[in-house]
Amino acid sequence: MARVYFSMGSNMGNCVENLKKALSLMKEGGIDIQKISPVYITAPIGYENQDDFYNIAVKAETTLMPFKLLKLCKSIETELFRIKLIENGPRTIDIDILTYDTWKIGSEALTIPHPRITERAFVLYPLYDVAEDAMKKAIEPLLEKVSGQRIEKLEGEVLN
């Protein structure tokens with residue numbers, strides 16, 4: 001089994017339900033979800049003329065190899081009606097593979113670790129919540145670098 005961390009976000013429709021449905025489909029697809037962060041509400045990055053995002057991080061294990069895992073994530077996005085009209089634009093669901101064990105992959109279709117983990121509060125804060133101690137120590141100094149990005153924990157909303 002490979003240890004995998006995901007970042008997930010939604011800003012169209014019922015965002016919490018979109019996240020719940022995506023998690024359910026991940027489980028059906030062979031992903032053993034071990035820990036889910038609280039939901040964070042964050043400002044959009046890049047294309048700013050859109051609603052705030054609801055973001056979570058997920059710690060999981062899977063027997064799926066990285067490119068099969070990517071295919072599953074893309075099929076879930078399609079099933080939940082993600083349509084990419086604008087780069088960094090609104091979406092019903094976005095599922096990013098952040099890490100896959102200690103693997104490093106650099107292809108046009110998939111880069112692991114995800115290349116922008118260290119730049120985004122909407123990834124780092126939820127990831128910190130589900131990370132193991134060694135990873136938390138690596139994330140802590142990065143949180144200061146993204147402290148200017150608007151992020152708010154949605155109190156009481158836990159998807160476990």
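1. To begin with a working definition: rings of Phe, Tyr and Trp (its six-membered ring) count as a pair when their centres lie within 6.5 Å. By that rule, this predicted model holds two aromatic pairs.

2. Let's take Y40 and Y125. Their ring centres are 6.4 Å apart and the planes meet at 45°, so this pair is tilted. Y40 belongs to strand β3 (residues 40-42) while Y125 sits in helix α3, so the pair ties together parts 85 residues apart in sequence. Y40 is buried at 5% relative accessibility, whereas Y125 is partly exposed at 25%.

3. The other pair is Y100 with W103. Here the centres are 5.1 Å apart and the planes stand at 70°, which is over 60 and therefore edge-to-face. Y100 is buried, with a relative accessible area of 3%; W103 is partly exposed at 36%.

4. D101 has a positive phi of about 45° although it is not a glycine. You will find D101 in the loop between β5 (94-100) and β6 (105-106), partly exposed at 37% relative accessibility.

5. Another backbone detail is the cis peptide bond joining I112 and P113, with omega about -5°. P113 lies in the loop between β7 (111-112) and α3 (121-130).

6. A charged side chain meets a ring as well: K136 lies over the face of Y128, 5.0 Å from the ring centre.

7. Lastly, E28 is part of helix α1 (residues 15-28) and is exposed, with a relative accessible area of 62%. E28 and A43 are 15 residues apart in sequence, and their C-alpha atoms are 31 Å apart in space.

Conventions. Residues numbered from 1 in each chain as written. Predicted model: local features only at pLDDT ≥ 70, side-chain atom pairs only at ≥ 80, totals over all residues. Heavy atoms only, no water. Helix = DSSP H or I, 4+ residues; strand = E, 2+ residues; numbered from the N terminus. Buried < 20%, exposed > 50% of the residue type's maximum accessible area, 1.4 Å probe, protein only. Phe/Tyr/Trp six-rings, centres within 6.5 Å; stacked < 30°, edge-to-face > 60°. Lys NZ or Arg CZ within 6 Å of the ring centre and 35° of its normal.
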